[in-house]
Amino acid sequence: MPDSPSEPRGPLDGPRRAYDLAVIGAGPAGTAGAVAAARLGLSVALLDAADRPGGQYFRDPAPELAALRGRRATLPGRSAFAALCARLAASRVDHLAAHHVWSVTREGADAWSVHAVTGPDGDGGAPVRVRARAVLLATGSQERQLPFPGWTLPGVVGAGGAQAMLKSGLVLPGKRVVVAGSGPLLLAVASSLAAAGARVPAVVEASGYLGYARHPRALAVNPHKALEAAVHGGALLRHRVPVRTRSAVTRVHGADRVEAVTVTRLDHDWRPVPGTGRRIACDALAVGHGLEPRVELATGLGCATRRTPDGAHALVVDGLQRTTVPGLWAAGEAAGVGGWQLARVEGEVAGVAVALRLSGRAGAVPGEHLRALRRRRDRLRSFADAMAAAHAPGEGWTDWLTDDTDVCRCEEVTAGHVRAAVAELGAHDARTVKLLTRAGMGWCQGRVCGTAVTCLAAAAHGGGTARGTVPPPAPARRPLAVPVPLGVLAALDGPEPHDSATPEAAAPGAAGAPGPSPLGAADGPDPSAADQPDPDPPGVVDRPDPSGAVPPGGRRIPAPRAPSGD
């Protein structure tokens, strides 16, 4: 199988050798990590499924569409990220766009192979392999969707999906759009839609914002977060958009598409309060209940995960962004959702840490600089944890669901089927429910419905959900992270006439490779006391389930795109 066809720049021309670092994901975390590592002398490949860096937050329309935009939408931090992209363009990083990474395999102690397919949708050509001595995972996140009656009607879109439509296609999901769910993304989506000309009858927040008051220190050390909230709040006031807290969309009405929604008050545990339903006319609903880290590539390699305050699973990393698997680093929302600023700082920490580990150039980065990065990261992470706790789904949300509500849309499994599997067939967990009902065995492989099925099964069994006594299971280990044609898999066993990249080609002492590392073993300590790893983050650590569902042969199983990449 050939290596990536993208041509490297400068002295890398000629026979291809392995890179020092492969970065997966060109959002703020991946871009910052690639730039930091390249600045310290490493050869870096930056792989991303999109055509341009930015992830979901800094997504831009195609150039031909951008010319149609009368006034460029302003995003906090856009100028800072533009400066980072300028440094990327001026660096020696090989940016491999439209590369969909489907697997990462270990070839040796300091040798990894990153497998990808090319093209806008991953079907553009021959399989690609990029070899590297270390890998940085900056794979971003995806929206968490909690079902409710009518959520499969046309006109219901994810909140992040509505924002992506506006950013990349300059289109609105409708003329009257209710924005609902939970989390700070709702305010940003609503203000963007209103500024673009949509009528937003209401922002419906299931939690509230008083929960932040329980974390005064996190607020005190992150004053810019209050400023961001004030900016979005001011935009909503200007457009006369009401915000309804402790409420949720519990039903969508319409025949062929959305015509109205019912908004119901919730109690502290997200249970609907009887008699409080109110119907709001609209032609679209943008809904999302927070974000979940995308960790498929990492858990497939055995990386441990931890439960975040909102019940999701993020990768366990130490103070230098190292995962529990030597040679793998993680940054951004794969290590816990916290916004683009946290992602950028974590990416830079990881890039510096990889450079220290591989090249031994500890003197190139003053210890105080790395300590400052880590202090800023810890401040931002404290706010991220407070945000996750404030918007954690309550265990009573399953009371929204009637028995005929689809929970798994791919396989058309209803809430009644899941409840029956628990009550009548003796299912005790989500995996047994899956085997009995096929919930999570469709095209998305449980990426959309997995959380809902787990919570519904726990509720039917008499347990809790995100904040209750029955936590969601650790993410399953999956052999494929994105859809892969069978021809790509068949090519793995074929001859490799163009594959001149070998781990030895980038070994210490090879032409163009870094010098010997003073660290010795692959997972040895870093060279300065300032760079010593922190203990594992607090909280329960979960090992991935060794038996993930394998996609059935002969079917391409698309993975939903994440709304916020790193």
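Predicted model: local features only at pLDDT ≥ 70, side-chain atom pairs only at ≥ 80, totals over all residues.
Biologist: Why does cysteine 282 count as buried?

Modeller: Its relative accessibility is 5%. Buried means under 20% relative accessible area, exposed means over 50%, and partly exposed is in between (1.4 Å probe, protein chains only). So cysteine 282 is buried. Cysteine 303 has 0% relative accessibility, so it is buried too.

Biologist: What makes the pair of arginine 377 and aspartate 378 a salt bridge?

Modeller: The distance from N to O is 3.3 Å. The rule asks for a side-chain nitrogen of Lys or Arg within 4 Å of a carboxyl oxygen of Asp or Glu, so the pair qualifies.

Biologist: Why is arginine 377 called buried?

Modeller: Its relative accessible area is 5%, so it falls under the 20% limit.

Biologist: And why does aspartate 378 count as partly exposed?

Modeller: It has 42% relative accessibility.

Biologist: How many salt bridges does the rule give?

Modeller: The count comes to 16. One of them joins glutamate 292 to arginine 144, with the closest N and O atoms 3.5 Å apart. That pair links distant parts of the chain, 148 residues apart. Glutamate 292 sits in strand E16 (residues 291-293), and arginine 144 in the loop between E7 and E8. Both glutamate 292 and arginine 144 are buried.

Biologist: How do you know that arginine 322 and aspartate 318 meet in a salt bridge?

Modeller: Their N to O distance is 2.9 Å, so it meets the cut-off. Arginine 322 and aspartate 318 are both buried. Elsewhere, salt bridges link Asp269, Arg271, Glu395 and Asp399 in a network.

Biologist: What makes E8 an edge strand?

Modeller: Strand E8 (156-158) pairs on one side only, and so does strand E11 (243-245). They belong to an open sheet of five strands, in the order E8-E15-E9-E10-E11, with parallel pairing. Strands here are DSSP E runs of at least two residues, helices are H or I runs of at least four, and both are numbered from the N terminus.

Biologist: How do you know that E8 and E15 pair?

Modeller: Three bridges join E8 to strand E15 (residues 284-289). Two strands pair if DSSP finds at least two bridges between them, so E8 and E15 pass. In E15, alanine 286 is the bridge partner of valine 157.

Biologist: What does helix H4 touch on the sheet?

Modeller: Helix H4 (residues 159-169) touches E8 and E15, and its direction makes about 85 degrees with that of E8. Axes are lines fitted to C-alpha atoms, for helices over the stretch in contact, and angles run from 0 to 180 degrees between N-to-C directions. The buried residues of H4 include Ala162, Leu166 and Lys167. Their cover includes strand E7 (141-143), E8, H5 and E15. Contact means heavy atoms within 4.5 Å.

Biologist: Which strands form the antiparallel sheet?

Modeller: Three strands do, in the order E12-E13-E14. Four bridges join strand E13 (residues 260-265) to E14, so the two strands meet the pairing rule. In E14, isoleucine 280 is the bridge partner of valine 261.

Biologist: Which residues touch the most other members of the largest nonpolar core?

Modeller: Val249, Val252, Val261 and Leu285, in a core of 42 residues. The term means a set of buried Ala, Val, Leu, Ile, Met, Phe, Trp, Tyr and Cys residues joined through side-chain atoms within 4.5 Å. H13 gives the largest share, five residues. Beyond its neighbours within four places in sequence, valine 261 has contacts that include Val178, Val249, Val252, Ile280, Cys282 and Leu285. Another core lies apart, with 41 residues, among them Leu21, Ala36, Phe81 and Val345.

Methods: Residues numbered from 1 in each chain as written. Heavy atoms only, no water.
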